[in-house]
Amino acid sequence: MRIGAHVDPTDPLAEAAARDAEAVQFFLADPQGWKAPKPREDAERLRDADVDLYVHAPYVINVATLNNRIRIPSRKLLLGHAAAAAAVGAKGLIVHGGHVNAGDDVAIGFDNWRKTFAYAADSGGFPLPVLIENTAGGDNACARRLDALARLWDALGDYEVGFCLDTCHAHAGGEELLGLVDRIKAITGRIDLIHANNSKGAFNSGQDRHDNLDGGTIDPELVVAVIRAAGAPVIVETPGGVEGQAADIALLRSQLGIGASAA
């Protein structure tokens with residue numbers, strides 16, 4: 001089980017070394033912007049590194065929405081980030097589940113996800129696994145609660161789709177962590193990545209506010225239990241920079257009985 005952190009994209013491998021991390025996640029462009037990612041000069045070094053790489057798609061992407069001005073650019077941007085992530089040897093591209101606006105039919109949102117994968121298939125398909133991440137808030141979200149997740153997976157049944165479980169989002173989104181892995185796998189059949197985060201917000205608060213593992217409103221032992229049950233790679237998206245994230249990585253290794261990285 002490889003454990004790492006979300007880091008600054010300037011030099012992800014240096015960030016991994018600073019945290020004694022075996023994996024890193026980073027953005028390839030402004031997470032709040034619509035610009036396509038540019039080719040990286042260090043792409044070969046990233047591909048050759050003994051560090052698992054994950055890329056997080058921009059937050060602005062929402063392929064579920066009925067708003068054409070957001071949905072259509074979102075599809076194009078997601079495909080562009082997938083190509084750029086594959087170019088650096090990433091193991092997966094994480095994207096939030098998205099939502100529809102109040103008053104819109106969420107069933108159309110699920111079908112818009114299907115159309116997104118059909119759109120990608122028209123150009124040869126996504127070149128790496130796309131991992132849909134559960135989200136913390138919104139009553140019209142496509143991947144906040146498990147009933148919605150089940151409808152999303154039904155819509156995407158003809159395609160290979162991965163799943164990223166965020167522990168903060170699940171807790172703040174109103175899903176109990178105890179037994180959550182089994183409930184998710186009954187829907188998706190898989191968990192490809194864990195975002196191991198504590199939550200500043202209370203249970204079912206809808207607040208996407210991450211905290212370090214030994215802080216927040218979640219019992220850290222529950223986060224560890226989720227990781228142990230999932231058996232998937234882990235990324236911490238916690239505050240505190242190198243020091244805070246290194247401490248979280250060390251805590252997880254200690255609780256899981258895993259030795260420190262040899263990197």
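**Figure 1. F117 and F126 in this predicted model are both buried.** Let's start with these two rings. Their centres lie 5.1 Å apart, and their planes meet at 70°. Planes over 60 degrees apart count as edge-to-face, so the pair of F117 and F126 is given that name.

**Figure 2. Ring pairs join four residues into a cluster.** Now look around the two rings of the previous view. F117 and F126 belong to a cluster that also takes in W113 and Y159, linked through ring pairs. Across the structure there are five aromatic pairs.

**Figure 3. F27 and Y59 make an edge-to-face aromatic pair.** Here the ring centres are 5.4 Å from each other, with 80° between the planes. This pair links distant parts of the chain, as F27 and Y59 are 32 residues apart. You can find F27 in the loop between β2 (23-26) and α2 (43-48), while Y59 lies in the loop between β3 (52-56) and α3 (68-87). F27 has a relative accessibility of 11%, so it counts as buried. Y59, at 38%, counts as partly exposed.

Figure 4. D52 has a relative accessible area of 14%; because buried means under 20%, D52 is classed as buried. Which residues does D52 contact, leaving aside its neighbours within four places in sequence? They are R2, E22, A23, V24 and K91.

Technical notes
Residues are numbered from 1 along each chain as its sequence is written. This is a predicted model: local features need pLDDT of at least 70, side-chain atom pairs count only at pLDDT 80 or more; totals for chains, interfaces and linings use all residues. Side-chain values use heavy atoms; hydrogens and water are left out. Rings of Phe, Tyr and Trp (its six-membered ring) pair if their centres lie within 6.5 Å; planes under 30 degrees apart count as stacked, over 60 as edge-to-face and the rest as tilted. Helices (H or I, at least four residues) and strands (E, at least two) are DSSP runs, numbered from the N terminus. Buried means under 20% relative accessible area, exposed over 50%, partly exposed in between (1.4 Å probe, protein chains only). Contact means heavy atoms within 4.5 Å.
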